[in-house]
Amino acid sequence: MSHMQHIDIASNALEYAMKNGVEEASIKLSIGNGFSVVSQNQIIDLVEQYNDQNFSISVYIGKAIGSASTNDFSEEQIKMTIEKAISLSRLTAKDECNGLAEKHLMATEIEDLELYQPSDFTIDRAQTMALECEAAAFGANDLVVNSEGATVGSYENEYMYLNSHGFIGETKSTGHNVSCVAIAGKDGQMEMDYNYSSSRCLDDLDDHLLIGRSAGERAVSNLGSRKIKTQKAPVLFSPRISKSLFSHMLSAINGTSLYRKSSFLLDKIDQRIFPSFVQILENPHLKRGFSSTYFDSEGVQTKPRELIEDGVLRGYLLSSYSARRLGLETTANSGGHHNIIVQSSIDEDLDQMIKDIQSGFLVTGLIGSGVNIVNGDYSRGANGFWIENGEIAYPVNEVTVAGNLTQIFNQIQKIGNDPENNGSIFSGTVLVDDLMIAGA
């Protein structure tokens, strides 16, 4: 089916809904295809190919909302889906905050964010890469005894959003990923670790051999881990882990948490929540970013902005619904945040930051979800390495890092210049002073 046919399907559906007593409506249409291959123990274990399509509609009648979706694009099925949404809206309660985002907020500046990077990537090549990636993990060290496999995948998506304000937004995107999970063993102890890379453009993907090798090396480096006694100490969060600290902040400044009054950052706008050297930007227009977009999931124009300026909270993450509940205006975050960039405060990476620590704990993995966004209490299982005299001394596992996010945010000492380029939150290594580490 061609691009024009998809536009026609969506436009006709919108017209049909409006003719049937709907006051406002929005439609989302997505079409995707891709593949994924897995090498397990040096044999191609799985080859998956998929073609997905989805049509969803939300209708508003008298401030009540009804939504329905289908993956059958036949005219008959789409009409049935619209009628289902209409009948559901007649059963749901009215809510004055429901409705499309205001018409004057619709995106008008269409930008090419380079999200669509087609390539001639084939399943054959992906299979070769997966086998070589896994082989590199085994080749990293004799102590790599097993793997949970190497995965290589690729996809292409087309997405359209239309609403009864006359707005049409379109995004085409591609994505590629490679990952590997290695298992190392020695004297009856088994340790697992992984590495991965994802990118919009095939050429931006990290070398699959390096991904495999580092997965193997990481697994081996975890062998021989020890317990440590309970104490307070400086804690380094590696870039893979540090982004989770900021994701808790994002949950707490999300409109839903705020209007439910279930956030430890309630009413903290224009107050300092980090040390004054902390700057956090949201850049929806980052080229080739994984959460880049010129319109949010309601069609609202996105804009780069400062969320944290000199440690002070300057903005929330609001959709039009949560904004109305709070008496504010949407921040174009319906559907979530867009590329959160935590600026480095120091021109050092993890290795250089380790050198400045007399004794402390480097966290490379977190387990469990002991984070309470309502009061900020933080308690998570962790593994990593103990640092002595500016060097990694030995691996550590089964400890708990505990505190309160208000205090943890305040005790950030340094933010490194080494963010990972995967995902939608970019943060380098973070040093937090004086955290409670509960060991044996």
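The dialogue below takes up the pocket, a helix, salt bridges and strand pairing in turn.

Q: What kind of model is this?
A: The model is predicted.

Q: What is the volume of the largest pocket, and how many residues line it?
A: The volume of the largest pocket is about 730 Å³. Its lining has 28 residues, and those nearest the centre are Arg218, Pro239, Arg240, Leu350 and Glu420.

Q: Which elements give two or more residues to that lining?
A: They are the strands β6 (189-199), β12 (359-367) and β14 (391-404), together with the helices α4 (208-221), α5 (239-252) and α8 (350-355). The largest share is that of α4, with seven residues.

Q: How do the residues of the lining divide into nonpolar, polar and charged?
A: Eleven are charged, nine are nonpolar and eight are polar.

Q: How many residues does α5 have, and what span does it reach?
A: Helix α5 has 14 residues, and its first and last C-alpha atoms are 21 Å apart. That is close to the 20 Å expected at 1.5 Å a residue.

Q: Why can α5 be called largely enclosed by the rest of the structure?
A: A residue counts as buried when its relative accessible area is under 20%. In α5, twelve of the 14 residues are buried, so the helix is largely enclosed by the rest of the structure. Among the buried ones are Pro239, Arg240, Lys243, Phe246 and Leu250.

Q: How many salt bridges does a search of the whole structure find?
A: The search finds 15 salt bridges.

Q: Where do Lys79 and Glu75 lie?
A: The general idea comes from the helix itself. An α-helix has 3.6 residues a turn, so residues three or four places apart point the same way. Here Lys79 and Glu75 both belong to helix α2 (residues 75-89) and sit four residues apart, about one turn of the helix. Their side chains form a salt bridge, at 3.5 Å from N to O. Glu75 is exposed, with a relative accessible area of 59%, while Lys79 is partly exposed at 31%.

Q: Are Arg240 and Asp193 buried or exposed?
A: Both are buried. Their side chains meet in a salt bridge with an N to O distance of 3.4 Å. Arg240 is in helix α5 and Asp193 in strand β6, so this pair ties together parts 47 residues apart in sequence. Asp193 and Arg240 also belong to a network of salt bridges with Lys243 and Glu420.

Q: What parts does the salt bridge of Glu398 and Lys227 tie together?
A: In this salt bridge the closest N and O atoms are 3.2 Å apart. Glu398 is in strand β14 and Lys227 in the loop between α4 and β7 (231-237), so the pair ties together parts 171 residues apart in sequence. Glu398 is exposed, with a relative accessible area of 59%, and Lys227 is partly exposed, at 44%.

Q: How many bridges join β4 to β1, and how many pair β4 with β5?
A: Strand β1 (residues 24-40) and strand β4 (residues 144-163) run antiparallel and are joined by 14 bridges. Strand β4 also pairs with β5 (residues 168-186), again in the antiparallel sense, over 17 bridges.

Q: Which residues stand opposite Glu158?
A: Glu158 in β4 is the bridge partner of Ile31, and it stands opposite Lys172 in β5.

Q: Which residue in the hairpin of β4 and β5 takes a positive phi?
A: Gly166 does, with a phi near 90°. This hairpin has four residues between its strands.

Definitions and conventions: Residues are numbered from 1 along each chain as its sequence is written. This is a predicted model: local features need pLDDT of at least 70, side-chain atom pairs count only at pLDDT 80 or more; totals for chains, interfaces and linings use all residues. Side-chain values use heavy atoms; hydrogens and water are left out. On a 1 Å grid over the protein atoms alone, a cavity is a set of points where a 1.4 Å probe fits but cannot get out, and a pocket is an open set with protein on both sides within 12 Å along at least five of seven lines; lining residues have an atom within 4 Å of a point. Grid points are joined across faces, edges and corners, and a volume is the space filled by probe spheres set on the points. Ala, Val, Leu, Ile, Met, Phe, Trp, Tyr, Cys and Pro count as nonpolar, Asp, Glu, Lys and Arg as charged, and the others, Gly among them, as polar. The expected span of a helix is 1.5 Å times one less than its number of residues. Buried means under 20% relative accessible area, exposed over 50%, partly exposed in between (1.4 Å probe, protein chains only). A salt bridge is a side-chain nitrogen of Lys or Arg within 4 Å of a carboxyl oxygen of Asp or Glu. Two strands pair if DSSP finds at least two bridges between them.
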